Amino acid sequence: MSAALKVVAPGLHTTVQDLGRYGYQAVGVPVSGALDSLSFRLANRLAGNDDNTAALEILYQGPTLEVAADSLRVALAGGDAELERLGEGGRSVGGWRSLRLTRGESFRVRGPSETACCYLAVEGGFALPPCLGSASTYARGGFGGFGGRALQSADLLPLARESVVERAELALPQPLAAARDQTIRVILGPQADHFTDAALALLLDSVFRVSKDADRMGLRLDGPQLVHRDGYNIASDGIATGAIQVPGSGQAILLLADHQTTGGYPKIATVISADLPVAGRRRPGDQVRFAAIEVEEAEALRRAQEAALAALSASFVPAAAAGLDHARLYDLNLISGVVSGHE
Amino acid sequence: MRVPGAFPGAPGASSRGQAADVTVRFLSSGDAALVVEFGDRIERRLSEEVLRLAAQIRRAALAGIVETVPTLRSLMIHYDPLKTSAAKLKRAIEALLGAKGRLEQEARLWRVPVCYEGEFAPDLAYVAKKTGLAPEEVVALHAGQRYHVYMIGFLPGLPYMGDLPERLVLPRRVDPRVRLPPGSVAIATTMTIIYPLESPGGWHLIGATPVRLFDAQLPAPALLAPGDAVEFEAIDKQSFAKVRAAVERGDYQVPHERLAP
């Protein structure tokens, strides 16, 4: 029998993702991939995988899964989500850690409630054929991942490994801060000159709020109306992930992983790559503030973030049998350098 | 969430006259994408500049470039900020722009069958009325032109083709449709498009093609590429059904030929 992870309950919107599908934007295919690439990579590293190994992205409400393999190692990373073993003696073992399970065991991902997303990696990854070079699900186009869609009950996700060896399970010494109130840094443009000075000032001085219109494509933001200088139509041009597009309504939309590749509305600013994971984990109702920086600074921040991620990965500790005391760690408010950059 | 900008494109004014020298602008879109903008209008000449630069970049294999996306009048360059920087990239692109080369992209001419009849053309009567033409004249004009594929975007495989004969230029619909069937052939402003997937849309539907424009299972998933040329061949409903059946059997190839660069 081939090894699989059985979906008992799918959660709200659980999809297979990797770090994205590149090379096809010129023919209109969105990049897709993990909304929060930092948590995604940490999940894979905790599971002993390469960064780009396909894993599950879990939005808002976690799935319940059953091990249909001799043994399996999972690792969960993201916000306050926790792994909960089900059945006799079942209990939460926390998040930001790996865990070995054996055939017939069921477990649940509890949460995430602090962040929009969390990631469940499995050692060795899933045995899914890549589509256009990537395992990422693009649900709107109906391709990639598992059948081009979010998981459903009774799905059997094929695993690359039939079993995994026992080893010390790994954990982050402290969870990565959700950074829900961190200011999101942007570079103005590419079409900042299509907006009034007042609109640019409002972008940087206002508190926006993530509306209910939030999904893998983008976050519609509630906030002040950003007024265009001279109409809101431009000749369609390219869109980068993190672009803040402003249609005729003047309401900003922060575009995320599944955004369309091109568009005909002006983009007032673009979130820097180091802050995309922070933006990707924001939930409806969360506050959003923007600060403008220069591209050289953004590049330095991104390099610092990679260095911090490497340091973090080198600091994995054995996961305590009883799980980490998350409440205490949150109280300590240990904000990781990975997301805070040099602020 | 609704698709931001549920209607493809918003092409600006079109101009086919002689323009002054092209002024190139570099615009940062964050720290992982650079826009090289050749103008703010839709012109064949600008599109060719965009495609030429895309081809030059492909040949030069510059470090750190992830991919490029040609659009109507600009090229978006997606790059890895850990492998290059905006400043380095800008210098390299400036050098390429200085070395004027021929456009050496391999373009193809496609003959796409389109049925302009009945339920396939719900807006044909409206377009005829607005343009003061007979429906047959609208069809003859639309099918009598060779189009340039400016870009693919908005949806996987959706081609923006121009320029429309001037008599067919109309603004987009005031009330966009919530759902359009795949294969819908539509016009608005100076462009014509084909919706490859079911989609909302605000363009005028004047026909439909049985041809598949996007198939994620193919290594080259989109039928058309920026720089290709397209001609439409009017077919009747019977031919539409035949071609569709052949497409579904995997037994149909859209007639095409290579164009000399």
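A salt bridge here is a side-chain nitrogen of Lys or Arg within 4 Å of a carboxyl oxygen of Asp or Glu. Between chain A and chain B the count is one salt bridge. It joins Arg25(B) to Asp193(A), with the closest N and O atoms 3.3 Å apart.

Some ground rules before going on. This is a predicted model, where local features need pLDDT of at least 70 and side-chain atom pairs count only at pLDDT 80 or more, while totals for chains, interfaces and linings use all residues. Residues are numbered from 1 along each chain as its sequence is written, chains are lettered from A in the order in which they are written, and side-chain values use heavy atoms, with hydrogens and water left out.

**The A–B interface**

Counting contact as heavy atoms within 4.5 Å, 52 residues of chain A touch 56 residues of chain B. The buried area (accessible area, 1.4 Å probe, lost by the two parts on being put together and summed over both) comes to about 3,900 Å², and carbon and sulfur atoms give 60% of that. There are also eleven residue pairs in polar contact, both at pLDDT 80 or more; that term means N or O atoms within 3.5 Å, and within protein one must be able to donate a hydrogen and the other to accept it, with residues adjacent in sequence counting only if both atoms are side-chain atoms.

On the chain A side, H4(A) brings the largest share, six residues. By class, this side has 26 nonpolar, 16 polar and ten charged residues, with Ala, Val, Leu, Ile, Met, Phe, Trp, Tyr, Cys and Pro taken as nonpolar, Asp, Glu, Lys and Arg as charged, and the others, Gly among them, as polar.

**Strands**

Helices (H or I, at least four residues) and strands (E, at least two) are DSSP runs numbered from the N terminus, and two strands pair if DSSP finds at least two bridges between them. In chain B, four strands make an open antiparallel sheet, ordered E1-E2-E4-E3. E1 (25–28) and E3 (65–70) of chain B sit at the edges with a single partner strand each, so one side of each has no neighbour in the sheet.

| Strand | Partner | Bridges |
|---|---|---|
| E1(B) | E2(B), residues 33–37 | four bridges |
| E1(A), residues 4–9 | E11(A), residues 156–158 | three bridges |
| E1(A) | E4(A), residues 64–68 | five bridges |

Down at residue level, Ser28(B) has Leu34(B) as its bridge partner in E2(B). In chain A, Ala4(A) faces Pro158(A) in E11(A), and Leu5(A) is opposite Val67(A) in E4(A).
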